[in-house]
Amino acid sequence: MARPDTPPPKQGDPALTLADEHRLLDAIWRRPPGLIGWLKSTDHKDIAVRYIVTALVFFAIGGLLALLMRVQLARPENTFLGPDLYNQFFTVHGTAMMFLFAVPIMEAAGLYFVPLMVGTRNVAFPRLNALGYYAFLFGGLLLYGGLLLNIGPDAGWFAYPPLSGPEFSPGKRVDFWAQMITLTEISALIAAVEIIATVFKMRAPGMSLNRIPLFVWAMVVMAFMVIFAMPSVMTASTMLAMDRLTNVSTHFFNQAEGGDVLLYQHLFWFFGHPEVYIIFVPATGFVSAIVATFARRDVFGYPAMVLSLLATGFIGFGLWVHHMFATPVPELGQSFFTGSSMLIAIPSGIQVFCWIATLWGGRVRLTTPLLFTLGFVMLFVMGGITGVMQASVPIDLQVHDTFFVVAHFHYTLIGGAVFPLIGAVYYWFPKVTGRLMSERVGKLNFALLFVGFNLTFFPMHILGLEGMPRRVYTYLPETGWGDLNLLATVGAFVLALGVVTLVGNMAWSLKRGAVAGSDPWQAGTLEWATLSPPPSYNFLRPPSVRHRSPKWVGMEESPTVIGLATDHHEVLATTILDAAPEHRYSLPDHSIWPLVLALVVGSALAAVIFHPWAVPIGGLLAAVVLICWFWEGTKSPGIPEDAPTEGAPLESGSQILPEAR
Amino acid sequence: MKHIDASLVPSGALDHRGVIWWGNLLLLVIETTMFALLVAVYLYLRQNTEPWPPPRVQGGPPFVLDPNPSLLIPTINLFVLLVALVPTYLADKAAHNLDWAGTLKWDALSLGLGWVAVVLRFFEFEALHFTWDENAYASIVWMILGVHLAHILVVLIEEGNTAVWVWRRGIDKKHALDMRVSTIYYYWVVGTWVLLYPLVYLLPRVI
């Protein structure tokens, strides 16, 4: 490829001042102006913020549905919601909270902070990342669109056949669910690939495996779990959609023609149980980051923490049958899955004790993020204990399909993931927006959520033990469940008030919060080493690392990276284990094609609800768009022929990677 | 202030050090997981159905027909795919030597054999003797063949696209890396079929 006679200056060129470097870099990394520019953005921070805002909106709608269900259940024989609407609400509530809120928002936190924490300028494949967001958005619109038209899915968030099959769920309700799954799982898989490739290949020089922040480790474990779990639910939902679609009518789950409904349950829970850890593991990453900062010391037992995360990742795949103890599972299978369900409490327990030890040995500042973290420890331990109880087959059979299970998984999911998430919102809001959230409102916020949560869900333990079944739209007065249900409904309103307080605090702080500066908490990891909010290129001079908490230990003396291009998106790629500088990697520019491809794929998947020809036609259109995408990418400069060979010595005096941990 | 001068390391990497190489590998891990699930579904359904494949009957004599898939076309196709590996390997090697003519020559052969495999795959569906909506056995074998066909098409479009680029604009290191990635994908597509072919065609005849 022809090159200009005078190559454009690289960073560190004596002809450039730091102000020049900023100007040149910002000009290429910043998204183009205007609405089109906004749609073209491939900046990981833009994409992640869109994910977070969208997921919070989907969360609010899902929460509103829950509130309406609580109103319906507040007293016996209530007629506020009919059975049909109630079925749609609990299905869409569960589906939205899992697929449109919990997983995307956890991955979004990774997409925002992983590049910053590993000290690079974007994720590994920026255009693919944008595609993931748009696919997620269209998936969410599909699900809620169905509900708005009063044809929302109504067969539960897991859509078990035969109830969800063509015979017992005619119409198109379940198909909305199945296609939403495909779109959101495409998005989840893309985000997982982004996170792993970024962490493997784009870490700051010197960030060897044993210096990777625990948050980043948690994101990598989550991403690998996504890669192995999500294909299972996509396979299951695709087979279900094919069974349902006239003109296709396969028989995967049709017992009469050799299919099997339990096969569906296996496929679903082979995804569904790891899913719980896909949500929980990133939350432990938040907790580790917050605990370290506010105890002002590194987390106790780093190797034990990392090994626990990895162990959780593996054991998480060996539990799925405990969701099926009420089906004819062989006894040996029951024993195995009972054992593994108890086993997984060990790595979780190790993490909890490490956090306690960290706080014990630290100088604790009791800020709002830490309060939410402490709330998490308490609630998650409670949810964990009821989980271990249900690992036992006889107890499981007794409480199966009762409110006891509802109480259990809300303790693990809200206690184990949403509390750390809100802690993370308070912790990183100043980094994302440049302003701190109000601490005083934050403490009120915590009190409302903690009290509201326990009022709502603790009574459900008792209701479940008294025999109240899940997924019923009403109950008789003679059951005596009315008082506790009323209490839970009151709690739900307190909980909702807590969420309103959170949103209010965010909105108020966005404009009027105290200016944060680059590092309001005196934290140790790299995201605090740049401005708040971070500039378009993240770091003017990307850092190198000599310590696990680089900002706490002599960061000023670590060398910074120069020699990167100022005329196109270039980053430094490093080796996988030691993060030694390896080569320069050119990223593509901002692009409209991800949006176009998502529109094509989204429309094709919506159309396939009605006719199978949407698949070949959509596939052809997608191929055309992908070819355009490829040819656009080639506009960035190719690899010049004269680059030095591998192993060229670095500038003298810049050898890094000392032995210190 | 000490510095690490990034301009001293090479620009781009052509092999497993490349970032896109890892992206491709992760994609293949996802796809392999999906094929493993399809195999699991096949074996799970099999334990429900005796005999396997289910009986194949017709209205007139001889009334009962062999339910096993025919072997001729599928076996020819397996060899077509295996032979296609040779030009694919040589195209990759030529691309890495920045040999424009060699890349295009071997690529044309690799793509040609790939399209032959696509055409033969449609006859393979016929060799199954069942349509997808007859029973669960037919549903899963059609799905295995169909999903694999989709992957053949993807790699042919990917490699063909790169080949057109090379043809129009010459070969450079960036596109040599693209060629390496689609070559690995090609190997993987053929490799999965080496495992799936005996499952679909041989296993029901043996046990």
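This is a predicted model: local features need pLDDT of at least 70, side-chain atom pairs count only at pLDDT 80 or more; totals for chains, interfaces and linings use all residues.
1. Strands E2(A) (570–574) and E3(A) (581–586) run antiparallel and are joined by five bridges. Together E2(A) and E3(A) make a hairpin with six residues between them.

2. On to the contact between the chains, where 60 residues of chain A meet 41 residues of chain B. Several elements of chain A each supply at least two residues to the side touching chain B, among them E2(A), E3(A), helix H7 (214–244), helix H8 (261–295) and helix H18 (614–633). The largest share, six residues, comes from H6(A). By type, the residues on this side of chain A split into 34 nonpolar, 18 polar and eight charged.

3. Strand pairing also crosses between the chains. E1(A) (560–562) pairs with E1(B) (residues 3–5) in the parallel sense, over three bridges. One bridge there has Ile562(A) partnered with Asp5(B) in E1(B).

4. Within chain B, helix H3(B) (residues 100–127) passes a simple length check: at 1.5 Å a residue, its 28 residues should span 40 Å, and the end C-alpha atoms are 40 Å apart, so the two agree. Its buried residues include Trp106(B), Asp107(B), Leu111(B), Arg121(B) and Glu124(B). Helices H2 (72–96), H4 (136–169) and H5 (173–206) of chain B are among what covers the buried residues of H3(B). Just after H3(B), His129(B) has a positive phi of about 75°.

5. Last, a loop residue: His322(A) lies between helix H9 (302–315) and helix H10 (331–343) of chain A. Why call His322(A) buried? Because 23 other C-beta atoms lie within 10 Å, and the cut-off is 20 or more. Leaving out residues up to four places away in sequence, His322(A) touches Phe337(A), Ser341(A), Ala391(A) and Asp396(A). The C-alpha atoms of His322(A) and Leu245(A), 77 residues apart along the chain, are separated by 31 Å.

Technical notes. Residues are numbered from 1 along each chain as its sequence is written. Chains are lettered from A and ligands numbered from 1 in the order in which they are written. Two residues are in contact if their C-beta atoms, placed from the backbone, lie within 7 Å. Helices (H or I, at least four residues) and strands (E, at least two) are DSSP runs, numbered from the N terminus. Ala, Val, Leu, Ile, Met, Phe, Trp, Tyr, Cys and Pro count as nonpolar, Asp, Glu, Lys and Arg as charged, and the others, Gly among them, as polar. Two strands pair if DSSP finds at least two bridges between them. The expected span of a helix is 1.5 Å times one less than its number of residues. A residue is buried if 20 or more other C-beta atoms lie within 10 Å of its own, exposed if 12 or fewer, and partly exposed in between; C-beta atoms are placed from the backbone.
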